[in-house]
Structures are given as structure tokens and as C-alpha cells.
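I opened the notebook to keep a record of what I looked up, one place at a time. My entries follow the order in which I went through the chain.

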Amino acid sequence: MIVGMTEVDVVRTASELRAVVGALVRRARATDELPAAQAAVLGFLDRDGPMTTSELAGVQRVRHQSMSRTVSQLVEQGLAGQRPHPGDGRKTLIVLSPAGREALEARRGRRADWLAEAMATELSPAEQVRLAHTVELLARLAAH
């Protein structure tokens, strides 16, 4: 929140930013067709490549049994596949399938479309420019 022309209460602004970004993310997630746990796994496989069920459970901070269930659902739906681990024959790697990539891209597209429509209808052209500059600032904060 701006206190004066050049002063900002960074603690209050940080709190408001966290709340607003959280609300924005929750609203964008409302466009999802995939359950959040499945979408998260597909996202990790897309960004980080093939992983074991244990590795996925670790990055998601869930129990192995829960991740096994999620992975099984993805495999059953054809959104993920399995292949032997090249370095340890006892392990299996979970891989993103072409159908999984398509589902993930469609999900991202729906979110982007919703956000673009909201920006076009809720913000003036000048506000859209301000928001574009703000995205650069948010990217810097995310990299901190």
C-alpha cells in the first residue's frame, strides 16, 4: 500500500500481494478439468523430466502411497507412462505421455485465456500497460 508519494509499507504490501496472488491463482484453478494433484504431477514431469514415484512424492511433500495412487490414475488415463529406470532396474520412471502434455497445455491455455479475458474486460489500456510492467517486477521477486 502506498503511504506517501515515495514511501511504501512493504510489510502491508507484501501481505496484500500474497492474498491477491493467492485469490488470482485460486480463481484461475477454477478453470481446471484435472484434479490438482494430477495436474501438479504432470507439471513436475513436464518441467523436470521423468521421475520415480518416490521422487514425485518428495517434491509434492506427500506420502508415497498417495503419490502411487495419483500416478496410477494418470497411467490409467493415458496421461503418464512408465519405463524402467536406466540406472536401477528395481525402479520405474514415470514419464509424461503425449496425451498428458496435451492435457497440460490445454490446462495452461484455459488459464491464460481466462486471465487475458479478465484483463481485457476489467482493465483499461493504461492499466494493462501498468500490469505488464508489474509482471516484470513480480518475476524479479520470484527469482529472489
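**Before starting.** I noted that this is a predicted model, in which local features need pLDDT of at least 70 and side-chain atom pairs count only at pLDDT 80 or more, while totals for chains, interfaces and linings use all residues. I also noted that residues are numbered from 1 along each chain as its sequence is written, and that side-chain values use heavy atoms, with hydrogens and water left out.

**Entry on T52.** I looked up T52 and found it in the loop between α2 (36–48) and α3 (53–60); helices here are DSSP runs of H or I with at least four residues, strands are runs of E with at least two, and both are numbered from the N terminus. Is T52 buried or exposed? T52 has a relative accessible area of 9% and is therefore buried, where buried means under 20%, exposed over 50% and partly exposed in between, with a 1.4 Å probe and protein chains only. Leaving out residues up to four places away in sequence, I found T52 touching H85, K91, T92, L93 and I94, and contact here means heavy atoms within 4.5 Å.

**Entry on α3.** I then asked which residues of α3 are buried. They are T53, L56 and A57. These residues lie on the same side of α3, because they cover an arc of only 100 degrees around the axis, the arc being that of the directions from the helix axis to the C-beta atoms. The buried residues of α3 pack against α2, α4 and β2 (92–96).

**Entry on R61.** Following α3 comes R61, which I placed in the loop between α3 and α4 (64–76). R61 has a positive phi of about 60 degrees although it is not a glycine. I wrote this down because most residues other than glycine have a negative phi. R61 counts as exposed, because its relative accessibility is 77%.

**Entry on α3 with α4.** At what angle do the axes of α3 and α4 cross? They cross at roughly 110 degrees and come within 9 Å; axes are lines fitted to C-alpha atoms, for helices over the stretch in contact, and angles run from 0 to 180 degrees between N-to-C directions. That angle makes α3 roughly perpendicular to α4, since angles of 65 to 115 degrees count as roughly perpendicular, under 35 as roughly parallel, over 145 as roughly antiparallel and the rest as oblique. I found the crossing of α3 and α4 to be right-handed, a term used if the near helix is turned clockwise from the far one by less than a right angle, with left-handed for anticlockwise. On the α3 side T53, S54, L56, A57 and Q60 take part, and they meet H64, M67, S68 and V71 in α4. By class, this contact of α3 with α4 has four nonpolar, five polar and no charged residues; Ala, Val, Leu, Ile, Met, Phe, Trp, Tyr, Cys and Pro count as nonpolar, Asp, Glu, Lys and Arg as charged, and the others, Gly among them, as polar.

**Entry on H64.** H64 is partly exposed, with a relative accessible area of 39%. Apart from residues up to four places away in sequence, H64 touches T53, S54 and A57. I also looked up H64 and E136, which are 72 residues apart along the chain, and their C-alpha atoms are separated by 37 Å.

**Entry on α2 with α4.** The axes of α2 and α4 come within 10 Å and cross at roughly 80 degrees, and therefore I recorded the two helices as roughly perpendicular to each other. A37, Q38, V41 and L42 in α2 meet M67, T70, Q73 and L74 in α4. The residues of this contact of α2 with α4 divide into five nonpolar, three polar and no charged.

**Entry on A80.** Last, I turned to A80, which is in strand β1 (residues 80–84). A80 counts as buried, because its relative accessibility is 6%. Which residues is A80 in contact with, leaving aside its neighbours within four places in sequence? I listed L74, V75, I94, V95 and S97. The C-alpha atoms of A80 and L42 are separated by 7.8 Å, and these residues are 38 apart along the chain.
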